[in-house]
Amino acid sequence: MLHRAGDREEARNRLAGLWQEIGPEGGAFHRCALAHYMADTQDDPRDELAWDLRALEAAEGSVEHGGEGRAERRVTEPAEGADAEALRAFFPSLHLNLAADYVTLGRPADARAQLLRARASADGLADGEYRQGLKEAIDRLAVRLDGDGQRPRG
């Protein structure tokens with residue numbers, strides 16, 4: 001709420017406190033969600049990228065997901081039940097955020113790779129408003145990245 005109200009610094013400070021509190025032993029879903037939100041409070045695009053990578057790392061360490069035509073499984077602390085499902089639903093957004101980070105940092109090849117992963121992950125979601133919104137956001141970023149309106153191949 002602090003971030004949405006425009007107080008990025010206080011949001012960042014409180015999220016940093018929570019990050020320290022949950023530590024590396026905290027649940028994967030909580031680490032992923034917290035890092036995902038922490039990224040949005042960063043002023044430096046490199047810091048935003050670092051937090052988005054932490055979010056993806058937490059999710060990938062716990063959940064099997066499809067990406068680039070294959071399923072991956074890296075188990076460090078398996079999430080179960082609702083947490084596992086929530087993490088799977090996070091993947092398109094995580095990859096989309098990373099793509100946006102890479103665009104901002106002038107790394108178009110990395111951005112395109114993340115867009116492909118975002119699209120593959122979104123394709124695995126159930127039809128609905130969330131999936132449609134993600135696909136539209138992926139398409140918008142692809143247009144912005146390419147500048148000529150062409151979507152990345154894949």
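Biologist: In which kind of crossing does α5 pass α6?
Modeller: The crossing of α5 past α6 is left-handed, a term for a near helix turned anticlockwise from the far one by less than a right angle. The model is a predicted one, in which local features need pLDDT of at least 70 and side-chain atom pairs count only at pLDDT 80 or more, while totals for chains, interfaces and linings use all residues. Residues are numbered from 1 along each chain as its sequence is written, and side-chain values use heavy atoms, with hydrogens and water left out.

Biologist: At what angle do the axes of α5 and α6 cross?
Modeller: The axes of α5 and helix α6 (residues 129-146) cross at roughly 160° and come within 10 Å. Axes are lines fitted to C-alpha atoms, for helices over the stretch in contact, with angles from 0 to 180 degrees between N-to-C directions. The two helices are therefore roughly antiparallel to each other, the word for angles over 145 degrees.

Biologist: Which residues make the contact?
Modeller: From α5, they include Leu-115, Ala-118 and Arg-119; from α6, Ile-138, Leu-141 and Leu-145 are among them. Contact means heavy atoms within 4.5 Å. The residues of the contact of α5 with α6 divide into nine nonpolar, no polar and seven charged. Nonpolar covers Ala, Val, Leu, Ile, Met, Phe, Trp, Tyr, Cys and Pro, charged covers Asp, Glu, Lys and Arg, and polar the others, Gly among them.

Biologist: What about the whole chain: in what order do its elements run?
Modeller: From the N terminus on, the order is α-α-α-β-β-α-α-α, which comes to six helices and two strands. These are DSSP runs, helices being H or I of at least four residues and strands E of at least two, numbered from the N terminus.

Biologist: How much of the chain counts as buried?
Modeller: Of its 154 residues, 42% count as buried. Buried means under 20% relative accessible area, exposed over 50%, and partly exposed in between, with a 1.4 Å probe and protein chains only.

Biologist: Where does Ala-109 lie, and is it buried or exposed?
Modeller: Ala-109 lies in helix α5 (residues 108-123) and counts as exposed because its relative accessibility is 58%. Its C-alpha atom is separated by 9.4 Å from that of Ala-99, ten residues apart along the chain.

Biologist: And where is Ala-86?
Modeller: Ala-86 has its place in helix α4 (residues 81-104). With a relative accessible area of 25%, Ala-86 is partly exposed.

Biologist: How do α2 and α3 cross?
Modeller: Helix α2 (residues 28-40) and helix α3 (residues 45-60) have axes that come within 8 Å and cross at roughly 165°. That makes α2 roughly antiparallel to α3. Their crossing is left-handed. The contact residues divide into nine nonpolar, one polar and five charged. Cys-32 and Ala-35 are among those in α2, and Trp-51 and Ala-55 among those in α3.

Technical notes:
Angles under 35 degrees count as roughly parallel, over 145 as roughly antiparallel, 65 to 115 as roughly perpendicular and the rest as oblique.
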